[in-house]
Amino acid sequence: MAKTPATKTPATKTTRATLALDKAGIRYSLHAYAYDPDAPRIGLQAAEALSVEPGRVLKTLMAAVDGRTVCLLVASDKEVSMKRVAAAFSGKAAAMLKPADAERLTGYHVGGISPLGRKRVFPTAIDAGSLSDPAAEIHVNGGGRDLQIRLTEGDLAAALTALVVPLT
């Protein structure tokens, strides 16, 4: 995608995630949806609400590898392998962060954690099996429980300086 300002729709909101993309000159579009706090799997609920294939919506997960915080992105219909997460970051053991810790470290609420515009930058990995083509569009959380950002896979990986490795 060309580096042009964002396509802002009636769902226009400004979040730290959108500000980060604007600053980087990355083109994206915003998509609001009806967030269901009781949904058993938030990423799947977002995909359904937006009429998008679950594999095209990446969930943002926060984990620790040997005590070091990392960010993971994986398709909403897949589960991460903690062994693969540890290996991706050259560690021995990996575990998911407690929700309160993830919120404190990212500055976002669970269900609205974006990989973009976090309070602190953490090493980030995107599941290779969740990507198909750098030009393909993908959705990630936009920094709110009711907001998704659509951008290309290549732009997302570049904006995050992310490793692309098997995590599932």
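The model you are viewing is predicted.

**Stop 1: the partner of E103.** Which kind of contact joins the side chains of R145 and E103? They meet in a salt bridge, at 4.0 Å from N to O. E103 belongs to helix α4 (residues 99-106), while R145 lies in the loop between β6 and β7, so the pair ties together parts that are 42 residues apart in sequence. R145 is partly exposed, with a relative accessible area of 35%.

**Stop 2: from β6 to β7.** Now select E137 and R150. Their side chains also form a salt bridge, at 3.3 Å from N to O. E137 is in strand β6 and R150 is in strand β7, so this pair links parts 13 residues apart in sequence. Are these two residues buried or partly exposed? E137 is partly exposed, at 34% relative accessible area. R150 also counts as partly exposed, at 28% relative accessibility.

Stop 3: Select R41, K59 and E79. Salt bridges that share partners join these three into one network. Side chains of opposite charge can pair when their charged atoms come close. Zoom in on E79 and K59, whose side chains meet at 3.8 Å, N to O. Now colour by accessibility. E79 counts as exposed because its relative accessibility is 54%, and exposed means over 50%. K59 is buried, with a relative accessible area of 18%. How many salt bridges does the structure hold? There are 7.

**Stop 4: the open sheet.** Hide the side chains and show the strands. Pick out the open sheet of 5 strands, in the order β4-β2-β3-β5-β8. Its pairing is mixed. Which strands stand at the edges? They are β4 (94-96) and β8 (163-165). Each has a single partner strand, so one side of each is left without a neighbour in the sheet.

**Stop 5: β5 and β8.** Select residues 124-127, which make up strand β5. This strand pairs with β8 in the parallel sense, over 3 bridges. Then click D127. Opposite D127 stands V165, in β8.

**Stop 6: a helix across the sheet.** Select α5. This helix lies across β2 (58-65), β3 (68-75) and β5. Against β5, α5 runs at about 160 degrees.

**Stop 7: helix α1.** Finish at residues 16-24, helix α1. Which residues of α1 are buried? They are A17, T18 and L21. Look down the helix axis. The three cover an arc of only 95 degrees around the axis, which puts them on the same side of α1. Now show what covers them. The cover includes β1 (29-32), β6 (137-144), β7 (147-152) and α5 (153-160). Last, step past the end of the helix. α1 is followed by G25, whose phi is positive, near 70 degrees.

Conventions: Residues are numbered from 1 along each chain as its sequence is written. This is a predicted model: local features need pLDDT of at least 70, side-chain atom pairs count only at pLDDT 80 or more; totals for chains, interfaces and linings use all residues. Side-chain values use heavy atoms; hydrogens and water are left out. Buried means under 20% relative accessible area, exposed over 50%, partly exposed in between (1.4 Å probe, protein chains only). Helices (H or I, at least four residues) and strands (E, at least two) are DSSP runs, numbered from the N terminus. The arc is that of the directions from the helix axis to the C-beta atoms. Contact means heavy atoms within 4.5 Å. Two strands pair if DSSP finds at least two bridges between them. Axes are lines fitted to C-alpha atoms, for helices over the stretch in contact, and angles run from 0 to 180 degrees between N-to-C directions.
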